[in-house]
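Dear colleague,

Please find below the structure that I am handing over to you. My findings follow it, and I would be grateful if you read them with the coordinates open.

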Amino acid sequence: MARRRRGPNNALDAWPGYVDALSTLLMVVTFVLLVFVVGQQFLSVSLMRREHTLDDLQKQLAELSHMLSMTEDKNKSLNATVASLANDKQKNEDQLKALAGQMALLNGQLQSKDQALASADSASQQQNSKISDLQAQIEELTRQLQAISNALDIEKKNETAKDVQIQDLGNKLNIALADKVNQLKRYRSEFFGRLRDILKNQKGVNVVGDRFVFQSEILFPQGSADLTAEGKKEITTLAKTFKQVSSTIPTDIPWILRIDGHADKQPIHSAFPSNWELSSERAITVVKLLISEGIDPRHLAATGFADYQPLDAANTPAAYARNRRIEFRLTDR
């Protein structure tokens with residue numbers, strides 16, 4: 001520490017103390033700036049890694065979409081082949097029945113000829129010739145029947161192989177569809193997670209299962225479908241968050257944000273004829289505000305459930321308040 005000097009009048013000189021303080025302050029500021037620069041570097045590296053990961057995921061999604069398209073084309077081709085084989089099978093069975101009828105007819109004729117030979121020896125040579133012809137015809141029909149039977153066996157084996165192949169393609173298709181559903185669940189979790197962070201500790205806002213729930217009193221006056229100023233603020237905040245999440249959802253995932261309006265079972269005393277109109281109009285009001293905030297209307301749906309989907313069946317003011325709500329659900333079409 002610098003010693004304080006005394007002036008001509010033996011007074012203490014405070015200037016060296018100020019210099020020490022300023023030096024210490026400069027070192028602290030320099031250290032904070034250094035920590036901030038290092039933190040920025042680490043943050044930049046983390047963001048670059050995340051962008052590379054997102055690029056890899058988008059490539060994988062594109063490959064899965066291509067495989068799904070090829071699988072659907074193969075499935076259509078296999079269905080057409082199976083239908084053709086079924087038609088050929090029916091034709092062969094019809095031919096087999098016709099040949100069997102001819103064979104039965106020829107057997108009857110043969111028996112008739114045998115009886116005629118027993119009663120007329122004079123025409124035996126002619127009858128023997130005809131019998132030989134009939135036997136030749138029978139043998140030929142037998143060969144045809146055997147060939148058709150073999151063809152039917154081959155077609156049955158081919159049909160079994162096609163069924164196995166179709167089953168395998170169906171399993172692959174189900175796996176691909178399940179993967180799409182899992183991806184949508186991941187984006188739903190991200191959306192609800194962000195909303196939970198933004199609206200945490202706010203009364204009347206919570207998550208129920210796969211739905212994000214706002215109590216109606218936060219958004220609307222009682223018996224009205226006009227958003228309050230606070231309600232518009234809440235929906236605008238939700239729209240901004242959802243725009244950020246929806247921009248990362250791949251275009252091949254058929255998702256939709258469904259807004260459900262619910263009312264309580266008390267008789268309504270307003271301009272609306274019933275709770276059906278009130279719950280539906282509230283959902284539509286929210287959808288219109290989301291559209292005005294830039295949400296694609298092709299990914300929005302408004303539904304009204306009146307008072308037929310309650311969360312609490314009790315007849316108490318608290319239960320009625322809980323049942324009056326607006327729910328947001330990210331689901332597939």
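A crossover is called right-handed if, with the strands pointing away from the viewer, the path from the first strand over the helix to the second runs clockwise. In this predicted model, strand β5, helix α5 and strand β6 form a β-α-β unit of that right-handed kind. The helix of the unit spans residues 275-292.

I begin with the strands. β5 covers residues 255-262 and is mostly covered, with seven of its eight residues buried. Strand β6 (residues 300-304) runs parallel to β5, and five bridges join the two; in this pairing Arg258 stands opposite Ala301. β5 is also joined by eight bridges to strand β7 (residues 325-332), in an antiparallel arrangement. There, Asp260 stands opposite Glu327 of β7.

I turn now to the helix. α5 comprises 18 residues, and the distance from its first C-alpha to its last is 26 Å, close to the 26 Å expected at 1.5 Å a residue.

Just after α5, Gly294 adopts a positive phi of about 105°.

Yours sincerely

Key: Residues are numbered from 1 along each chain as its sequence is written. This is a predicted model: local features need pLDDT of at least 70, side-chain atom pairs count only at pLDDT 80 or more; totals for chains, interfaces and linings use all residues. Side-chain values use heavy atoms; hydrogens and water are left out. Buried means under 20% relative accessible area, exposed over 50%, partly exposed in between (1.4 Å probe, protein chains only). Helices (H or I, at least four residues) and strands (E, at least two) are DSSP runs, numbered from the N terminus. Two strands pair if DSSP finds at least two bridges between them. The expected span of a helix is 1.5 Å times one less than its number of residues.
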